[in-house]
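Let's walk through this protein together, one region at a time. Keep the viewer open and follow along as we go.

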Amino acid sequence: MSDLRNVIIVGSGPAGLTAAIYAGRANLSPLIVAGSQPGGQLTLTSEVENYPGFAEPVLGPELMDVMRGQAERFGTEFVDDDVVGVDLSSRPFEVKTAERTWRARALIVATGASARLLGLESERRLLGRGLSTCATCDGFFFKGQELVVVGGGDSAMEEATFLTRFADKVYVIHRKDSLRASKAMQDRAFNDPKIEFLWNKEVAHIYGDDLVSGIGLIDTVDGTESTKDLSGLFIAIGADPRTHLVHGQLELTDLGTIAVDGRSSRTKLPGVFAAGDVIDPHYRQAVTAAASGTVAALDAEQYLAALDQVEESSRVDLAAALADEVDDLVAAD
Ligand code: NDP
């Protein structure tokens with residue numbers, strides 16, 4: 001099969017998969033390079049309660065499987081590998097994995113976002129050694145222990161609530177005295193007897209050589225310092241857009257997301273579209289990402305139709321020019 005595709009989608013979260021469903025239904029035979037963690041961030045969550053169409057909670061990974069099946073039904077081809085580079089300087093665009101290079105007439109970047117860390121020196125070293133950014137992945141290892149979750153948004157509330165299944169006690173440490181999380185998620189955490197809040201505290205140190213053993217805290221109001229022993233620390237302080245593949249090739253916003261034109265998915269480079277958390281610093285919901293993927297597929301479809309017309313008329317112009325040249329040669333004989 002040719003390596004040239006109408007549309008290649010990078011990323012397989014709700015944005016990428018929904019873009020694939022729409023592009024597939026438009027007969028564009030999309031190729032998704034799904035990444036080595038197909039399904040994106042939702043595969044790291046537990047129950048999803050707010051995705052329309054599911055009266056009962058659905059597991060994140062299950063939701064992504066259903067979306068993938070739907071995309072496959074409309075002819076999407078999946079490559080479960082990471083993109084290692086894209087070249088947007090030539091047309092068709094190039095999309096490379098370790099194994100292969102594809103060319104795309106249109107590209108949809110739906111690379112999502114990845115968990116933010118605190119920026120402490122010990123953090124990278126202790127990741128996976130008592131320090132985690134994913135309760136559903138790692139909570140099981142902390143049965144009967146005391147854990148700490150850092151953050152004040154929906155992710156922190158979700159992680160804390162989930163961890164009470166395993167832990168005896170979960171402390172939520174937040175740098176302010178009020179939460180950013182939605183009322184429903186706050187209430188659930190406040191009403192959980194296993195969860196206790198430590199307000200106005202920032203994590204200044206993470207202690208431990210091979211495994212996390214404790215944290216050093218600073219009170220954000222009066223500056224007092226304290227320490228806390230623990231065996232598991234979960235950081236849930238938001239996510240950063242994953243733009244590394246297009247750095248220097250596409251314009252970014254001040255917030256680090258890919259810049260798009262208004263409510264569209266059009267980047268500054270014609271033929272390159274972006275969707276989902278990689279363009280959205282505010283809402284970052286599965287359903288808003290899915291909607292954004294829809295927009296990208298429709299924009300790409302419109303772009304490809306226009307490109308077909310340009311290519312067709314330049315073929316006609318070329319054929320006419322060649323015919324004129326042949327006429328001239330015949331006349332000269
Ligand atoms: P948010 O950006 O909403 O919240 C991040 C939290 O972490 C804030 O409380 C912030 O504090 C705190 N924080 C950020 N940086 C630091 C730092 N360096 N040190 C200490 N604390 C820090 O991110 P979330 O991941 O919680 O949520 C992202 C989006 O995903 C939201 O739209 C949310 O609604 C959605 N979501 C929805 C879920 C659901 O509905 N099931 C589940 C999870 C997420 P401060 O408040 O002071 O800025």
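Tyr171 stands opposite Glu196 in β13. The model you are looking at is predicted, with local features needing pLDDT of at least 70 and side-chain atom pairs counting only at pLDDT 80 or more, while totals for chains, interfaces and linings use all residues. Residues are numbered from 1 along each chain as its sequence is written, and side-chain values use heavy atoms, with hydrogens and water left out.

Back to that pair of strands. β12, residues 169-173, runs parallel to β13, and four bridges join them. Strands count as paired if DSSP finds at least two bridges between them. Helices (H or I, at least four residues) and strands (E, at least two) are DSSP runs, numbered from the N terminus.

Now widen the view to the whole sheet. It is open and parallel, built from five strands in the order β10-β17-β11-β12-β13. β10 (131-132) and β13 (195-198) are the edge strands; each has a single partner, so one side of each is left without a neighbour in the sheet. Across β11 (146-150), β12, β13 and β17 (232-235) lies helix α5, residues 154-163, which runs at about 170 degrees to β11. Such angles run from 0 to 180 degrees between N-to-C directions, with axes being lines fitted to C-alpha atoms, for helices over the stretch in contact.

Next, find Met67, which has its place in helix α2 (residues 60-73). Is Met67 buried or exposed? Met67 counts as buried because its relative accessibility is 6%; the cut-offs are under 20% relative accessible area for buried, over 50% for exposed and partly exposed in between, with a 1.4 Å probe and protein chains only. Leaving aside residues up to four places away in sequence, Met67 touches Pro14, Leu17, Thr18, Ile21 and Tyr51, where contact means heavy atoms within 4.5 Å. Gly16 is 51 residues from Met67 in sequence, yet their C-alpha atoms are 9.9 Å apart in space.

Finally, step back to the chain as a whole. Its secondary structure comes to seven helices and 19 strands, and its C-alpha atoms fill a box of roughly 95 × 40 × 35 Å along the principal axes. Of its 333 residues, 46% count as buried. Among contacts with a separation of 6 or more, 60% come from residues 24 or more positions apart.
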